[in-house]
Amino acid sequence: MPATRIPILLALTVVAAAGCSSSSGTENPPASLTGRTFVSTAVSGTPIPGGGPLTLTFVEGGRISATSGCNTANGHVDLQGNTLQVGELASTMTACPGDVMGADEWQAGLLHSQPTWTLSGDTLTLKGNGATVTMLDRKAAHPDKPLVGTTWVVNTLLRTDAEVRSVTLDEVRPTLTITPDGKVSGTAGCNTMTGSAVIDGDDVTFTIATTRMMCAPEVMEVEQQVLGALDGKTKATIDSDVLTLRNAGNNTGLKLRAE
């Protein structure tokens, strides 16, 4: 079993010069992107190593989150005019397998290039660094999955100041399913989970029991964090095929993707 690689934050400086405003009448106000997530559906020119997709989330307060299949980068963005003016970014530092590892460099090259952007309905087009990237609003491409009846796979562990991914987490693939009558099933990484979930709006309160097998230390570490996040009351939000569970009681949480 490979050793767990826990990411750290790395500050990446992206030089962004001020761009000129377009006079074509096609530019959009910043609010047209804010609060939305876009997923690439086509790339003309230099392709994304590993196939991507590129996912961009434009967060309130002038922030952007970007991932192209490997690490996730977060930082400030200025949407004035028709170029993305990206500021300093912080990135996770997970080692990804094969060609996917090159996705971070491709993504940084695109964001460094001050790509031009146009938005037409749910379609966002970016042009920069030798590539034209066509993106679709994630809610149009992938409507929100239901909380109940969906099998969710944990791909990120949330801590107070970090989002953690690791090779071990990707290998053991903890899962969670809630049935219409509130029964919980899944795996925590090593052991099988059973229990119940009481759903009240976006509050989900878990009561979880597990089998008692022992696995490799790095697997048990993942399992401990998964079970900690599912200990008691959580706040659940769904964005397309991504479920986020946050446990305010112990400042932990999980990000899960629909299987």
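User: Which residue in the turn of the β5 and β6 hairpin has a positive phi?

Analyst: That's G81, with a phi of about 75 degrees. Bear in mind that this is a predicted model. The hairpin has 6 residues between β5 and β6.

User: What makes β5 and β6 a pair?

Analyst: Pairing takes at least two bridges, and 5 bridges join β5 (residues 72–78) to β6 (residues 85–91), so they pair. The two strands run antiparallel, and N74 stands opposite A90 in β6.

User: How many aromatic pairs are there?

Analyst: The count comes to 1 aromatic pair. The rings are those of F38 and F58.

User: Why is the pair F38 and F58 called edge-to-face?

Analyst: The centres are 6.2 Å apart, within the 6.5 Å limit, so the rings pair. Their planes sit at 75 degrees, which is over 60, so edge-to-face it is. F38 is in strand β2 (residues 37–45) and F58 in strand β3 (residues 55–59), so the pair ties together parts 20 residues apart in sequence.

User: Are those two residues buried or exposed?

Analyst: Buried means under 20% relative accessible area. F38 comes in at 0%, so F38 is buried. F58, at 2%, is buried too.

User: And why is T125 called buried?

Analyst: T125 has 19% relative accessibility, and the cut-off is under 20%, so T125 counts as buried. T125 is in strand β8 (residues 123–128). Leaving aside neighbours within four places in sequence, T125 has contacts including W117 and V133.

Terms used
Residues are numbered from 1 along each chain as its sequence is written. This is a predicted model: local features need pLDDT of at least 70, side-chain atom pairs count only at pLDDT 80 or more; totals for chains, interfaces and linings use all residues. Side-chain values use heavy atoms; hydrogens and water are left out. Rings of Phe, Tyr and Trp (its six-membered ring) pair if their centres lie within 6.5 Å; planes under 30 degrees apart count as stacked, over 60 as edge-to-face and the rest as tilted. Helices (H or I, at least four residues) and strands (E, at least two) are DSSP runs, numbered from the N terminus. Buried means under 20% relative accessible area, exposed over 50%, partly exposed in between (1.4 Å probe, protein chains only). Contact means heavy atoms within 4.5 Å.
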